[in-house]
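My plan is to look things up one at a time and write down what I find.

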Amino acid sequence: MKKILHKIVSLSFVGLVAATVLSLPTPAQAHMSAQEAKQKKLIAERGDGYVKALTAEGQAIAAAINAQRRAYYEDVARQTGASPAQVAQEAAGRL
């Protein structure tokens, strides 16, 4: 039973790693700033502290930017006692 559980956990981890790697932006996209992507009309602000993709090319860029923002909002939330959603909403007012 332990071997089966270990195998399932191992396969789940491999799947998670594969999904993460496949969702990473290409090197060219990774170097594009949010401002550059907005100027090229690949992404736009959503009003809730996150961005949305406007094109297929913008999907990976939006995902990367949103992941960075989510991590930042969660970090600020831990430090301040606010919820990540509250931090994101506050940030949205400044973007």
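I then looked up Asn66, which at 10% relative accessibility counts as buried.

I noted the ground rules next. This is a predicted model, so local features need pLDDT of at least 70, side-chain atom pairs count only at pLDDT 80 or more, and totals for chains, interfaces and linings use all residues. Residues are numbered from 1 along each chain as its sequence is written, and side-chain values use heavy atoms, with hydrogens and water left out.

**Entry: the chain as a whole**

I looked up the helices and strands, which are DSSP runs numbered from the N terminus (helices H or I, at least four residues; strands E, at least two). The protein chain has five helices and two strands. Along the sequence I read the pattern α-α-α-β-β-α-α. Of its 95 residues, 24% count as buried. I also checked contacts, meaning heavy atoms within 4.5 Å. Among those between residues at least 6 apart in sequence, 30% join residues at least 24 apart.

**Entry: Asn66 and Arg46**

Where does Asn66 lie? I found Asn66 in helix α4. Not counting residues up to four places away in sequence, Asn66 touches Arg46, Tyr50 and Val51.

Arg46 is partly exposed, with a relative accessible area of 44%. Leaving aside neighbours within four places in sequence, Arg46 is in contact with Val51, Lys52 and Asn66.

**Entry: Gly49**

I stayed in the loop between β1 and β2, where Gly49 also has its place. Is Gly49 buried or exposed? Gly49 is buried, with a relative accessible area of 1%. Gly49 and Ala92 are 43 residues apart in sequence and 4.1 Å apart in space, C-alpha to C-alpha.

**Entry: aromatic rings**

I wrote down the rule: rings of Phe, Tyr and Trp (its six-membered ring) pair if their centres lie within 6.5 Å; planes under 30 degrees apart count as stacked, over 60 as edge-to-face and the rest as tilted. The structure holds two aromatic pairs. In one of them, Tyr50 and Tyr73 sit edge-to-face, 5.4 Å centre to centre with 80° between the planes. This pair links distant parts of the chain: Tyr50 is in the loop between β1 (43–45) and β2 (51–53), Tyr73 is in helix α4 (residues 56–80), and they are 23 residues apart. Both Tyr50 and Tyr73 are buried. Tyr50, Tyr72 and Tyr73 form one aromatic cluster.

**Entry: nonpolar cores**

I defined a nonpolar core as a set of buried Ala, Val, Leu, Ile, Met, Phe, Trp, Tyr and Cys residues joined through side-chain atoms within 4.5 Å. Which residues form the largest nonpolar core? It has eight: Met32, Ala37, Leu42, Ile43, Val51, Ile61, Ala62 and Ile65. The largest share of this core, three residues, comes from α4. A second, separate core of seven residues includes Tyr50, Ala77, Val87 and Ala88.

Ala37 has its place in helix α3. At 0% relative accessibility, Ala37 counts as buried. Leaving aside neighbours within four places in sequence, Ala37 is in contact with Met32, Leu42, Ile43 and Ile61. Ala37 and Ala53 are 16 residues apart in sequence and 9.5 Å apart in space, C-alpha to C-alpha.

**Entry: Lys41**

I found Lys41 in the loop between α3 (34–39) and β1. Lys41 is exposed, with a relative accessible area of 59%. Its phi is near 60°, a positive value in a residue other than glycine.

Notes. Buried means under 20% relative accessible area, exposed over 50%, partly exposed in between (1.4 Å probe, protein chains only).
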